Amino acid sequence: MLNDDRWLNKRLDRMKEAGLTRHIRTINNQSVFSSNDYLGLAKDRRLISAAKRTLDDWGVGSSGSRLTTGNSEWHEKLEHRIAGFKQTEAALLFSSGYLANIGVLSSLPEKGDILLSDELNHASIIDGCRLSKADTVIYKHVDLDNLETKLKETASYKRRFIVTDGVFSMDGNIAPLDKIMVLAKSYHACVIVDDAHGTGVLGENGRGTSDYFGVMPDVVIGTLSKAIGSEGGFVAGSKTLIDFLVNHARTFIFQTAIPPANCAASYTALGIIEQSKEKRLQLRSHFFQIKKELKEMGFSVKGADTPIIPVIIGDTQKTAIFAEKLQEKGIFAPAIRPPTVAIGESRIRLTVTTEHCTNEINYLLETFNLVGKELNMIK
Ligand SMILES: *Cc1c(COP(=O)(O)O)cnc(C)c1O
């Protein structure tokens, strides 16, 4: 079938016509405003040497799943560290944040239960809901009235689970976790938070969205591959929850453990993150400046209090042209188009990190001004 791949080309052509094909790019010598490495830890010498030492002692791969031969003292040390960091009883490592979401959502809610999911949740939550035997209902984005309506409508279900991104990856806004927790309590629902973008960035000690609001959701999911600068995913929660996942989460049971060297890097990162108040302040001052100046130029800027800065262009083609022009001028910032975002909501998604210097930020702003004028978007 694949030796006659006209049908595949046809499907690709349909995407091309709509201007929606995706490409893998090699980024050379460009100023990158798209990284999730918010605190610059991926290239931090302390993480690198921790990983190197562990590589020498433990080798490159882990050789098996955690339940067979893949476990090491580094996995266990990191899990304790994550639980301490997230202030939960226990934590469990997964190979990625994606697989942590799939593992939790496909195992915890049962047939007869219901998942209430924010309409802008990450693809890995959507896939987790699809794999769950529970039903799923979508509530309007961060709309508490709509969530309450859905909670009332689903009273006949056995158990209810509210699932939300902590920080929404394409919109850069924060879920109102404090209010969601109140609703959950009065309707006896569990709260599952995917804090991929909040971890390391939000809260006094970078503990994430829960820390930012001073609340404790039932299940906290995260990734080690964004602000933590390494690779892997985790779930933090009660000891019972973790025991349950060890026995039921298929993406835990049937997957090779992450390499010990990655665990060592993440372990080192968590220590640094707790001590990085100043770095977080610097990050804030970067994103405040960029947002303020882009708004003053006349751009439509979304997001709140996070280093994710979506600049709404609207039209899909125009957004692609905008991104190309940025790239010609040495700036890499991706065009985000449907189906990742709604039609008419295409955007340039900027992210800022502590590693950006004043010159780089000024050049970004100048270039946005130039391209915006060229495309008649701003005056
Ligand atoms: C990046 C991301 C994930 C996936 O994490 P990985 O470790 O890269 O698999 C999950 N959820 C959200 C909200 C994300 O932004």
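Predicted model: local features only at pLDDT ≥ 70, side-chain atom pairs only at ≥ 80, totals over all residues.
Residues are numbered from 1 along each chain as its sequence is written, and side-chain values use heavy atoms, with hydrogens and water left out.

**View 1. The largest pocket holds about 750 Å³ of space.** A pocket here is an open set of points on a 1 Å grid over the protein atoms alone, with protein on both sides within 12 Å along at least five of seven lines, and lining residues have an atom within 4 Å of a point. Grid points are joined across faces, edges and corners, and the volume is the space filled by probe spheres set on the points. Of the 25 lining residues, look for His-23, Arg-25, Pro-334, Ala-335 and Arg-337, which lie nearest the centre. Sorted by class, the lining has 13 nonpolar, seven polar and five charged residues. (Ala, Val, Leu, Ile, Met, Phe, Trp, Tyr, Cys and Pro count as nonpolar, Asp, Glu, Lys and Arg as charged, and the others, Gly among them, as polar.)

**View 2. The second largest pocket has a volume of about 430 Å³.** Leu-120, Asn-121, Met-170, Thr-340 and Val-341 sit nearest its centre, out of 21 lining residues. At least two residues each come from α5 (123-131) and β13 (346-351). The class count is eight nonpolar, six polar and seven charged.

**View 3. One cavity of 30 Å³ or more turns up in a search of the whole structure.** In a cavity, a 1.4 Å probe fits but cannot get out. The space inside the largest cavity is about 70 Å³. Its lining includes Arg-66, His-75, Leu-93, Phe-94, Thr-251 and Phe-252. β2 (90-94) and α10 (250-253) are the elements that give two or more residues to this lining. By class, the lining splits into five nonpolar, five polar and one charged.

**View 4. Helices α3 (residues 73-86) and α11 (residues 260-274) pack at about 25°, with axes 9 Å apart.** That angle makes α3 roughly parallel to α11 (angles under 35 degrees count as roughly parallel). Axes are lines fitted to C-alpha atoms over the stretch in contact, and angles run from 0 to 180 degrees between N-to-C directions. The crossing is left-handed, meaning the near helix is turned anticlockwise from the far one by less than a right angle. Residues in contact (heavy atoms within 4.5 Å) include Trp-74, His-75 and Phe-85 of α3 and Tyr-267 and Leu-270 of α11. This contact has 10 nonpolar, three polar and three charged residues.

**View 5. Helices α12 (residues 277-297) and α14 (residues 358-374) pack at about 20°, with axes 11 Å apart.** That makes α12 roughly parallel to α14. Here the crossing is right-handed, with the near helix turned clockwise. Among the residues that meet are His-286, Ile-290 and Met-297 in α12 and Ile-361, Leu-365 and Phe-368 in α14. The contact divides into seven nonpolar, four polar and one charged.

Key:
Helix = DSSP H or I, 4+ residues; strand = E, 2+ residues; numbered from the N terminus. Parallel < 35°, antiparallel > 145°, perpendicular 65-115°, else oblique.
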